[in-house]
Amino acid sequence: MTCAAIRTSRRSPGPAWTLLAVLLTLPACDTTGFITEIDAAQLNCTIPTRLIFDGGPGKDGIPALDNPRLVVPNDPSVSYLRETDRVIGIVVAGEAVAMPLNVGWWHEIVNLNFGETRIALTHCPLTGSSLAFDRSPANGATFGVSGLLFQNNLMMYDRNRPESLWPQMARGARCGAKAGTALPMIAVLESNWRSWRSLYPDTRVVAADGFQRDYRTYPYGSYDQLNNDQLLFPMESVDRRRPIKERVLGVPGAGGGRGAAFPYGALDAIGTVAAVHHAGDGRPFVVFWDRWSQSAMAYRPRVGEQELQFLVRNGAIEDTQTASAWGVDGRAISGTFMGQRLEPVAEAYVAFWFAWAAFHPNTELWSVSS
């Protein structure tokens, strides 16, 4: 199969995905972009259109979910969820909600309304990126899957007239009427299902009703495996300092600063739990890691006006000021601060290393020796 054949390929919304195994064995192609059905000159983009690919299967071919049912953990509709399956967890107005990545593989966007708050929970399977947004800058409109990809990353579109295109990892509109508009992020914790349920026993879970999908099955074959270094669509460059499909917790830099990426493998090398302090381009943060939950998140290291330092003692994360113990979700589970919560860095999110490096080419790559 030639590179030209790749560019006319489509991601199928059905369960077969028979083309994928062929694509993943192909060598890298040239980096000339390819868009069908849309005139690049009419996109009014602030990003290079040569890096936009038509991933198919067309606009809304991958159906976003709009205000789906939120069910309890033992609801039959989520019986497919296994303990080690990953979920995106958010807490809004004291209410915990989880979106399984199993749902994200097949729908990519879940639009939710909490009173006047309009949220989009998003997951791009090709870049492994999980982000939640406040939809207010899009006039509260719901987002759909455009079928286009920028650097292999999901390009959402808003259901306005005229509509705009919002690359997920750009965290804002880059084509159309709202190009240049930023999307505020809502803090998410990506973890396995057993951990999220343990942290939030009263959580509700996004139900995917009305679609014929096998939510137990990852539809991209071996694409997300750590030793798989193939991509579905060409990139101008790929940073291979870490395995390209390794998950990293990325923390964007303040005011366009470098930001930093914390590879799961490097964090795990420290131990079952870890607390890593970072200067954060002038806004310090601490990264908590937990092997059991396979989760990492960044927090501001303070409670009220009190700055805190963290270390690991006897297998637990503690602050040195009061010896309170803290969980990976940023809540104190014992000690003086029990019940207090650290402020999460809302802009922090998990993605595959190659994707984080592509969107943040000057990023700091954290290592144990940093």
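Residues are numbered from 1 along each chain as its sequence is written. The model is predicted, so to read the values: local features need pLDDT of at least 70, side-chain atom pairs count only at pLDDT 80 or more, totals for chains, interfaces and linings use all residues, and side-chain values use heavy atoms, with hydrogens and water left out.

I start with a sheet. Two strands pair if DSSP finds at least two bridges between them. An open sheet is formed by 5 strands, in the order β1-β9-β10-β11-β12, with antiparallel pairing. Which strands are at the edges? They are β1 (52-54) and β12 (175-176), each of which pairs on one side only. The neighbour of β1 is β9, residues 143-150, and the two pair in the antiparallel sense over 3 bridges.

G56 and P57 are joined by one, with omega about 0 degrees, and P57 is in the loop between β1 and β2 (65-66). R161 and P162 are also joined by a cis peptide bond, again with omega about 0 degrees. P162 is in the loop between β10 (153-158) and β11 (164-167).

Next, backbone angles. N67 has phi near 45 degrees, which is a positive value in a residue other than glycine. N67 sits in the loop between β2 and β3 (70-71). For exposure, buried means under 20% relative accessible area, exposed over 50%, and partly exposed in between, with a 1.4 Å probe and protein chains only. N67 is partly exposed at 42%. A93 also has a positive phi, near 50 degrees. A93 lies in the loop between β4 (86-92) and β5 (95-100). Is A93 buried or exposed? With 83% relative accessibility, A93 counts as exposed.

The search runs on a 1 Å grid over the protein atoms alone: a cavity is a set of points where a 1.4 Å probe fits but cannot get out, a pocket is an open set with protein on both sides within 12 Å along at least five of seven lines, and lining residues have an atom within 4 Å of a point. Grid points are joined across faces, edges and corners, and a volume is the space filled by probe spheres set on the points. How many cavities of 30 Å³ or more does the structure hold? There are 2.

The second largest cavity has about 40 Å³ of space. Its lining consists of V188, L189, E190, L249, A296, M297, A348, Y349 and V350. Strands β14 (189-192), β20 (295-299) and β27 (349-352) each supply at least two residues of that lining. For classes, Ala, Val, Leu, Ile, Met, Phe, Trp, Tyr, Cys and Pro count as nonpolar, Asp, Glu, Lys and Arg as charged, and the others, Gly among them, as polar. The lining of this cavity has 8 nonpolar, no polar and 1 charged residues.

On to the pockets. The largest holds about 600 Å³. Of its 32 lining residues, R171, P252, G253, G256 and H360 lie nearest its centre. Its lining has 16 nonpolar, 8 polar and 8 charged residues. The second largest pocket has a volume of about 510 Å³ and 24 lining residues, with R86, D224, Q225, R247 and F352 nearest its centre. Helices α3 (101-107) and α5 (264-268) each give at least two residues to that lining. By class, the second largest pocket has 8 nonpolar, 8 polar and 8 charged lining residues.

Last, the core. A nonpolar core is a set of buried Ala, Val, Leu, Ile, Met, Phe, Trp, Tyr and Cys residues joined through side-chain atoms within 4.5 Å. The largest has 119 residues, and among those with the most contacts inside it are L249, F310 and W326. Helix α6, residues 353-359, gives the most to this core, with 6 residues.

Contact means heavy atoms within 4.5 Å. Leaving aside neighbours within four places in sequence, the contacts of F310 include H277, E318, D319 and W326. Q309 is in the loop between β22 (306-307) and β23 (310-313), and is partly exposed at 43% relative accessible area.

Terms used
Helix = DSSP H or I, 4+ residues; strand = E, 2+ residues; numbered from the N terminus.
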